[in-house]
Amino acid sequence: MSEPVTALLPEWIVPVHPAGEVLEHHALVMHGDTISAVIPREKLDDAFPEAQRIALPGRALLPGLVNAHAHSAMALLRGLADDLPLMRWLEDHIWPAEQQCVGPDYVRVGTELAVAEMLLGGTTCFNDNYFFPDVAARTAIRAGMRAVVGMPIISVPTAWATTEDEYFARGLAVHQDLANEPLVTTAFAPHAPYTVTDSAFARIRELAEELDIPVHLHLLEAAGEIETSQQQYRCHPIDRLEKLGLFNNRLLAVHMTQLTPTDMDRVARAGVHVLHCPASNLKLASGICPVAALVERDVNVCIGTDGAASNNTLDMFAETRLAALLGKGYSGDPEAIPAHLALEMATINAARALGLDEDIGSLESGKQADVIAVDLDRIETLPVHHVVSQLVYATGRHQVSDVWVAGRALVRDGSLQTLDADRIREESRVWQRRLAQIDQKTRA
């Protein structure tokens, strides 16, 4: 049986590449899992007479959003411990709860909750950093969502592994198991410089080069990290990573709020990708990533939500708007992060960091059909003078009507197609009760 050909007929198409372009009176044609063409509508009948047509009046089509940094299973910790500084939040609440709860079922339920939230909000790919990546990967695959799952490395025993050798062995087994999965790839996910040894970093560098995969690392999230590194290793975290051969274009550096101009020059020279999580950084008062200054240096900056435990949402529309506004306010320049650049950070830039930019991140012939439709014919987004600006500054995730990943409809008219929303709600409530009891005991 031949693969179906589907023509989407929206009001506008925002391909992202070329930057800032908006197409009217065009059709996007999907053939199986691939975008066959983005063409003027008057050419559709001749070029694709067999195509099934889907009218999307008032909609803008754009590439699916790419959440560059997430801890998906931590959706179950949403709101458990708010309004605290980073280390108190981690050490007094999050880590104790995880020590008692993290396991395959916890990760399955939490990841499914996160995947449902992200899909409904127009996110089609997420870069995950959490324990039991095998479970997270299978959850994403069942839902039909694209993901990069991290192989966690941390210097303390957890439910996932107890020794450094076990972390590597289990992670490499996950990598091998996923080798032929079209929707899921892997990355190394060492937690942070202050929780990973030199020997582990050395193995990561060697294996990342051998396997040709990224290294996904929390770096310079808060000021205390620099002081800790000076005490433990007698050098700045960047100096340490550079000595260990990890400060290069494989590195996906999350947060990066503690950068000097000299640091930013080094980031640019090394080709390090910066994964910007504005809401989490602001909520934990960790600092502000100097995005405008990084962009001036041609650093590839992407946007991530972080986990719902510290955000408290996985809303990439909200995160993209905040990234644009914060970039302007922090730099004092209203032109610093224009709308089209913010949208690139949430799509093609993130795809580039993950090594997926040949497949996703823009609406171009030959790429995977990861597409979302956003309803701009709503009171809150009318009139539509400039489509891209409207998407970044005025649009909410509730306006996502349809989502396709690899040509498969995962959200249709605002409803999940591959996940059971009622079951997700019920399982989340069960975990809510368990986690609340654990946190109460911890506080006592």
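Here is a short chat about strands, a helix residue and salt bridges in a predicted model.

Visitor: What should I know about the numbering and the cut-offs first?
Guide: Residues are numbered from 1 along each chain as its sequence is written, and side-chain values use heavy atoms, with hydrogens and water left out. This is a predicted model, where local features need pLDDT of at least 70, side-chain atom pairs count only at pLDDT 80 or more, and totals for chains, interfaces and linings use all residues.

Visitor: Which residues of strand 10 point the other way from Val215, Leu217 and Leu219?
Guide: Strands here are DSSP runs (E, at least two residues; helices are H or I, at least four), numbered from the N terminus. In a regular strand the side chains alternate between the two faces of the sheet. Strand 10 covers residues 215-219, and five of its five residues are buried (under 20% relative accessible area; exposed is over 50%, partly exposed in between, with a 1.4 Å probe and protein chains only). Opposite to Val215, Leu217 and Leu219 point His216 and His218.

Visitor: And which residue of strand 11 stands opposite valine 215?
Guide: Two strands pair if DSSP finds at least two bridges between them. Strand 10 and strand 11 (residues 251-255) run parallel and are joined by five bridges. In strand 11, the residue opposite valine 215 is leucine 251.

Visitor: Is threonine 320 buried or exposed?
Guide: Threonine 320 sits in helix 12, residues 316-331. Leaving out residues up to four places away in sequence, its contacts (heavy atoms within 4.5 Å) are Ile303, Ala342, Leu343, Ala346 and Val392. With a relative accessible area of 6%, threonine 320 is buried.

Visitor: How many residues apart in sequence are the parts tied together by arginine 78 and glutamate 117?
Guide: Their side chains meet in a salt bridge at 3.0 Å, N to O (the rule is a side-chain nitrogen of Lys or Arg within 4 Å of a carboxyl oxygen of Asp or Glu). Arginine 78 lies in the loop between strand 6 (65-70) and helix 2 (86-101), while glutamate 117 is in helix 3 (residues 104-120), so the pair ties together parts whose separation in sequence is 39 residues.

Visitor: Which helix holds glutamate 427, the salt-bridge partner of arginine 108?
Guide: The closest N and O atoms of arginine 108 and glutamate 427 are 3.0 Å apart. Both residues also belong to a salt-bridge network with Asp105, Glu112 and Arg423. Arginine 108 lies in helix 3, so this pair ties together parts 319 residues apart in sequence, with glutamate 427 in helix 16 (residues 421-443).
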